[in-house]
Amino acid sequence: MALILVDKLMAIARDPVELSRTLVAFETINPPGNERQCAEYLGSLLEDGGFAVSYHEFAKNRTSLVARVGGSANAKPLCFTGHIDTVPLGAAPWTVDPFAGEISDGKLYGRGTTDMKCGVAAFMVAVLELNEELSQGPGVVLIITAGEETGCEGAYHLAGLGDVLGEAGAVVVAEPSSNQPWIGHKGALWLRARTTGVTAHGSMPEMGVNAVYKAAQAIGKLEDFDFNIAHNKILGKPTLNVGTVKGGLNINSVPDLAEVGIDIRTIPEQDHGTIRSQLDGYLGNNVEIDSIVDVPGVLTDPADEWMQEVFKVMDGILGDRSEPRAAPYFTDASALTPAYGGAPTVILGPGEAAMAHQTDEYCYVDRIGEAVEAYMEIARRWNAR
């Protein structure tokens, strides 16, 4: 019976679609995350494939893993990275089971398919297929994280653990890009703006100070906020979005507290501290601002030698010329790329960026196999250095 189970597990480890479906079945919605079982499952496949694996928790059941094979005194390994937590399902009802990995019309459905369990499955299969070859050269390091969706918690935890990450000469982030090689992403600055007031009975509002009115005034000003900065050639313009508004405890009281969630995506020409100061002055003394997430952007020179090689690989697989582009979202590269000394970093994954966090999220099945082919070729070329 044990041999049958091992054979079944190894068969899944060689099939990127079945491995994707298996990973989707793990409920790793963040919060609370509970990534441990999914991380241990992946770790067991890697250990069976000859990888050295270590697990690291930044909180109970919030488990990331680091896995290695190969190694050379003359060259650093290649890093593949991805996260296994997902966002919540959302308020809208799904037409499919979000954890069943159903396949229909060439699409694999489920929470986390695009963002980004299909990407993780693809690089898992790629390196397991090449494990013997990779063991004889610079090799690879896999960083599979918990807590990415809420500010790269797992990746920052790993980066702060001394030599756990080791070295890497380049980084492949398997986030959704429709298998287009993207050279970086914007930074993210998430802020919480608070307004306060004085509570009173709802029938006598003149006796109180309404914090929601103050928040509404701030929101109106934020809609007109101008960063007053030139667009970046690759990343475009910075953006600001008011994502949440909370205020009041009951309808018949004057609210004495309101909170507004602000999502800012930045370009390299901006300093996050300066943006905070600008907003403090712009919104005035009635608004108190705190940071929730503060992660830098990542941008690799498209003329970088390795990036040019990745472009050539993808041109051959996709059949068209890759133009330098970047992602609007942030990734664990915010923590990992600086930890690896600014190593060249590409965002390259089978998911569809537009489907991330969507109801009835899906990934095209064909793109999963395409990503495996890409990761294998990129790893082979790196290992031949």
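Where is the place of His357? I found His357 in the loop between strand 14 (345-347) and strand 15 (362-364); helices (H or I, at least four residues) and strands (E, at least two) are DSSP runs, numbered from the N terminus. Before going on, I noted that this is a predicted model, in which local features need pLDDT of at least 70 and side-chain atom pairs count only at pLDDT 80 or more, while totals for chains, interfaces and linings use all residues. Residues are numbered from 1 along each chain as its sequence is written, and side-chain values use heavy atoms, with hydrogens and water left out.

**Entry 1**

I looked up the phi of His357, which is positive at about 70° although His357 is not a glycine. His357 has a relative accessible area of 44% and is therefore partly exposed, where buried means under 20% relative accessible area, exposed over 50%, and partly exposed in between (1.4 Å probe, protein chains only). Asn61, also not a glycine, has a positive phi of about 65°; I placed Asn61 in the loop between strand 1 (52-59) and strand 2 (62-69), and at 22% relative accessibility Asn61 counts as partly exposed.

I then turned to cis peptide bonds. The bond from Pro31 to Pro32 is cis, with omega near 5°, and Pro32 sits in the loop between helix 2 and helix 3. The bond from Asp115 to Met116 is cis with omega near -5°, and I found Met116 within helix 4 (residues 113-129).

**Entry 2: helix 2 and helix 3**

I looked up how helix 2 (residues 16-25) and helix 3 (residues 36-48) pack, and found an angle of about 150° with the axes 10 Å apart; axes are lines fitted to C-alpha atoms, for helices over the stretch in contact, and angles run from 0 to 180 degrees between N-to-C directions. Helix 2 and helix 3 are therefore roughly antiparallel to each other, a term for angles over 145 degrees, whereas angles under 35 count as roughly parallel, 65 to 115 as roughly perpendicular and the rest as oblique. From helix 2, Leu19, Thr22 and Leu23 meet Cys38, Tyr41, Leu42 and Leu45 of helix 3, contact meaning heavy atoms within 4.5 Å.

**Entry 3: two buried residues**

Is Thr266 buried or exposed? I noted that Thr266 counts as buried because its relative accessibility is 3%, and that Thr266 belongs to strand 11 (residues 257-266). The side chains of Thr266 and His272 are joined by a polar contact of 2.8 Å, that is, a pair of N or O atoms within 3.5 Å, where within protein one must be able to donate a hydrogen and the other to accept it, and residues adjacent in sequence count only if both atoms are side-chain atoms. Not counting residues up to four places away in sequence, Thr266 touches several residues, among them Lys186, Pro238 and Ile275.

Ser177, in the loop between strand 7 (170-173) and strand 8 (184-185), counts as buried at 1% relative accessibility. I found a polar atom of the Ser177 side chain 3.1 Å from the backbone nitrogen of Gly349. Leaving aside neighbours within four places in sequence, the residues in contact with Ser177 include Trp182, Tyr329 and Gly349.

**Entry 4: Lys107**

I located Lys107 in strand 5 (residues 107-109). Lys107 and Tyr362 are 255 residues apart along the chain, yet their C-alpha atoms are separated by 6.0 Å.
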